[in-house]
Amino acid sequence: MRRRTPGAEHGRVTENIAGLPMSPLEILALLGAVALVVARWLPPAARPRVTIAAGALLVPSALALAVTGIRWQLLPVLAGAALAAPFALSPLLRRRTGRPAWRARWWLALPGSVACAGLIATGPVAAWAFPVPVFPEPSGAFAVGTRVVQWTDPHRPETFTADPNDLRTVVVQLWYPARQSPAGTRRAQYLGRTEREARTVSEALARGVGLPGFLVDGVPRARSRSVFDAPVAGGGERFPVVLFSPGSGGVRTQNTAWAEELASHGYVVAALDHPYDSAAVVLADGRTITTETASSGDRDKDDELAAGWTAVRAADLGFVLTRLDTLDRGGIADPLTGRLDTGRVAVSGHSMGGAAALQAARQDRRFGAVVDLDGYPHGPTAPALDRPTLALTQALTPGTDPRYLPRLTEALGSSTATSYRLTVPGTAHLTFMDGPLYLPPVPSLVGSLGRTESPRVVAAATLAFLDAVLRDQPGDPAGALRAYGDLSVHRPGDRG
């Protein structure tokens, strides 16, 4: 039930090593390619042995990668090795035939070696910029299980289609406290239930931001820290629930590191795919629904569209909470029956999902707290929020929408419950999701906290708030939140 050791899968040769951007096989291929280039500049006696050793590293590694799948980042390494190989092998071949060894003059060999070395160096740099994400080990007392469910709302027609018989369907991924799985248990695929689904989702996400899909081909190779269908933790404890809505065009798995950290501390996280809004939603019958939401380019029109999409998401969140309550009471057969504390529920979201969380809390009193991860408050501002709210935001810059802070301040300041805005230094909009784990570490894109620190800070601040408002831990959460950034507290009695 409690603390577990890292899985044995860590050592698998097809996975990246924590802290390194390449897998062991890729590193062996890289070392072999470097040795081929270096061999030209060694003393004649050492040259044959180094060339043979380089081939012994490079050839088996490249063949093994051809079977398991070569990432595009390794192609420059193989190209550099291919260019260097004739010059490294020629002396060996000529010596075997009895012909005098030939060696290119240094002023010819030097530019060629530099070009080969440059190609080879491109590989690890590209792997560092676009790695296979390595998910942080959750710090809580519980192991983490996950699974996916699909629910259809019989009372709500699908507004994105013209078919009157088409009912609104959502796909939900649950992360929950679990028993420790046996050593070597395969961890859950990131972005989908299968690698095929993960690739479908990854390609759709890349298209959504205008990137060629191959740039992020490492993402669907990743595995998270949870285990699909792991047994629920023993002991009979009932767990508070956190619902999550992703950003515009985002997907249910986009905050996996955050969800796993919360689950390891005794929460059940239910993250939604919103069909026709999420980049790609793979349904149980195999159909894939891609996004149909798009900006018009007109600010006023886009505000109106975003308010409508936010309303749909808020309704999805309320529906899923109803289903979770039914599940807990035994109306849906499920291993989590009797283990969900649906009297202690928070609603959360990133970007547009944060706006949906705010709207859901206004409409549904079952939500006891709100966590807005850098989300602009779309939609109506009435009725006033009457739930404790935490808004985590990036540091505001001249490039930030000038309406963002006043709108958020209005929403928090008019609340009839204490609310908090925490500006986290070193963050950008994508810091509040899994982006720092697999996107280039460009501060304007993913912030400057780093791949390990980014998910840790966001999850730790979230937990400090949720533990205080859902678990009634003693003390003001403001004290804990101030450790993570610049905190503004909005108390009902402080309004003028």
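**Figure 1. Glutamate 195 and arginine 199 within helix α5 of the predicted model.** Helix α5 holds both glutamate 195 and arginine 199, which are 4 residues apart, or about one turn of the helix. The model shown here and in the other views is predicted. A salt bridge links glutamate 195 to arginine 199, with 3.1 Å between the closest N and O atoms. Side chains of opposite charge can pair when their charged atoms come close. Over the whole structure, 24 salt bridges are found.

**Figure 2. The largest pocket and its lining.** Two or more lining residues come from each of the elements α5 (195–208) and α7 (299–328). The most is given by α5, with 6 residues. By class, the lining of the largest pocket consists of 24 nonpolar, 17 polar and 4 charged residues.

**Figure 3. The open sheet of 10 strands.** The strands follow the order β3-β1-β2-β5-β4-β8-β9-β10-β11-β12, and their pairing is mixed. At the edges are β3 (227–228) and β12 (486–490), each of which pairs on one side only. Strands of a sheet pair through backbone hydrogen bonds, either parallel or antiparallel. Strand β2 (residues 167–178) is paired with strand β5 (residues 268–273) in the antiparallel sense, over 5 bridges. Valine 269 in β5 is the bridge partner of tryptophan 175.

**Figure 4. Helices α6 and α11 lying across strands of the sheet.** Helix α6 (residues 256–264) lies across β1 (143–157), β2, β4 (239–245), β5, β8 (340–350) and β9 (369–373). The angle between helix α6 and β2 is about 50°. Helix α11 (residues 453–470) lies across β4, β8, β9, β10 (389–393) and β11 (419–423). Relative to β9, helix α11 runs at about 165°.

**Figure 5. The second largest cavity and the residues around it.** A search of the whole structure gives 4 cavities of 30 Å³ or more. The second largest cavity contains about 60 Å³ of space. Of the 14 residues that line this cavity, Gln173, Trp175, Gln189, Thr253 and Thr256 lie nearest its centre. The lining of the second largest cavity divides into 5 nonpolar, 8 polar and 1 charged residues.

Conventions
Residues are numbered from 1 along each chain as its sequence is written. This is a predicted model: local features need pLDDT of at least 70, side-chain atom pairs count only at pLDDT 80 or more; totals for chains, interfaces and linings use all residues. Side-chain values use heavy atoms; hydrogens and water are left out. On a 1 Å grid over the protein atoms alone, a cavity is a set of points where a 1.4 Å probe fits but cannot get out, and a pocket is an open set with protein on both sides within 12 Å along at least five of seven lines; lining residues have an atom within 4 Å of a point. Grid points are joined across faces, edges and corners, and a volume is the space filled by probe spheres set on the points. Ala, Val, Leu, Ile, Met, Phe, Trp, Tyr, Cys and Pro count as nonpolar, Asp, Glu, Lys and Arg as charged, and the others, Gly among them, as polar. Two strands pair if DSSP finds at least two bridges between them. Contact means heavy atoms within 4.5 Å. Axes are lines fitted to C-alpha atoms, for helices over the stretch in contact, and angles run from 0 to 180 degrees between N-to-C directions. A salt bridge is a side-chain nitrogen of Lys or Arg within 4 Å of a carboxyl oxygen of Asp or Glu.
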